[in-house]
Amino acid sequence: MDLYELFLGSGGWARLLCQGALLTVAVAAVGLLIGAALGIALAFARVSGGLPLRLMADAYTTVLRGVPDLLVIYLLYFGGSSLLSSLGNAVGATGFIGMPSFATGVVALGLVSAAYQAEVYRGAYQALPWGELEAARACGMRPALMFRRVIAPQVLRHALPGLANVWQLVVKESALISVIGLVELMRASQLGAGSTRMPFVFYAAALCLYLVITSVSGYLFLWAESVSFKPYRRA
Amino acid sequence: MDFAFLSETFTALLAGLPLTLNLALTSTVIGLIGAMALALSRQSGVALLAYTAKAYVFVFRGTPLLIQIFLIYYGLGQFRPTLQEWGLWGVLRSSYWCAIIALAMNTAAYGSEIIRGGIAAVPHGAIEAAQACGMGPVLRLRRIVFPLALRIALPAYGNELILMVKATSLASVITLMEITGLASKLISQTYRSVEVFACAGLIYLVLNFLLTRMVHALEWKLSTERRRTA
């Protein structure tokens, strides 16, 4: 059993695994972005929405944080597929039309991470010094300008440590998308394990690649944090 | 709304509840013992122990649970002859035990960090006072450090318990028919994903709600002196 030949020789598996790792990063990043958009909307609803809006946002975060992510992925994949199939049958196509796995995956990660991100942004907003908002209003800033100049930059800065946590979570959860057939790192290692009958080698290799992704991005977030807090005095 | 189908689905999914609870409870108990061992190793002052524990936590917190489960269930199969020789194959062949092992090893890593935080937050004065009373290290740990650390760590540990309940859903990927396993089977049979999702989600939500209430009750029970002053 020559590991060098297995991974790096002609037709070796290193290429597929690395492509899988890149796809993992891509899925997680797009998922995080979708989650950010929805999460900001949710946080906004909880901070300054009316009662019905606040209750809805509250219910959303409770449900999505209390239900296993695998269930959310199944819901989106099978629900979306049966919807697509019936639409397809209506225009004359026959049989089962599956949801595209990348789109399903990023939406699932977005929906789940939005619930976590909403709490992060809400906490960051509440950490804003109240006086600054009053000062901005006293200067005659309109809400949009205030959001852009005062709120957004500071909320982002305060949210960075929490966002780093959510990012790690999203990277690890992206492995679940392998169940609907997207060839990200997890699925790539499954393919290798299946066709070489060396599951331990492949899953261990994928484990190491996940460690590289999480630790490198962890350091990047730490670096971003230290940069964004430079103008501030820290206790 | 098809109430007959909903109630049928609900009863079908409830059949998976015992396995979900079994997985969560067994692996949490084993994982808690592992977490304490890891936390004590980190604090032991023996460099080898501390670094091993640190590396363990780094690996298990930095990788997806799914790959840990696959590594144990499918990966160790590569060494089947050796494992048979050692008499471990009987355990590692069963998907139930592999799920338990993976979940327990995973929660041990997260739990050890929580316990370490709790131990680090024990006031130094309390430890000094115990030393001054002539308590030995083991007695000090048992009477002073652990009870205080437990109380400090409990809220964070409650979060970990909820994560564990959700994590048991991954056992369905290695053929265990707990709630999520039954749900995915029902969805692929009936294609009524919204209804099945609603039923399964409701069971998990109720489970997690009861769990948070129980942790709150325990917190309340353990905070006797704060209640007296309040």
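B:W97 is partly exposed, with a relative accessible area of 38%, a class that lies between buried, under 20%, and exposed, over 50%, for a 1.4 Å probe and protein chains only. This residue forms an aromatic pair with B:Y96 that is edge-to-face, 5.1 Å centre to centre and 75° between the planes; rings of Phe, Tyr and Trp (its six-membered ring) pair if their centres lie within 6.5 Å, and planes under 30 degrees apart count as stacked, over 60 as edge-to-face and the rest as tilted. The model is predicted, so local features need pLDDT of at least 70 and side-chain atom pairs pLDDT 80 or more, while totals for chains, interfaces and linings use all residues. Residues are numbered from 1 along each chain as its sequence is written, chains are lettered from A and ligands numbered from 1 in the order in which they are written, and side-chain values use heavy atoms, with hydrogens and water left out.

Over all chains the count comes to 10 aromatic pairs. One of them joins A:F200 and B:F79 edge-to-face, at 5.0 Å centre to centre and 65° between the planes. This pair crosses between chains, from helix 9 (residues 199-228) of chain A to the loop between helix 4 (65-73) and helix 5 (80-86) of chain B, where helices are DSSP runs (H or I, at least four residues) and strands likewise (E, at least two), numbered from the N terminus. A:F200 counts as partly exposed at 25% relative accessibility, and B:F79 is partly exposed at 33%.

Elsewhere, ring pairs link A:Y74, A:Y77, A:F78 and B:Y191 into a cluster.
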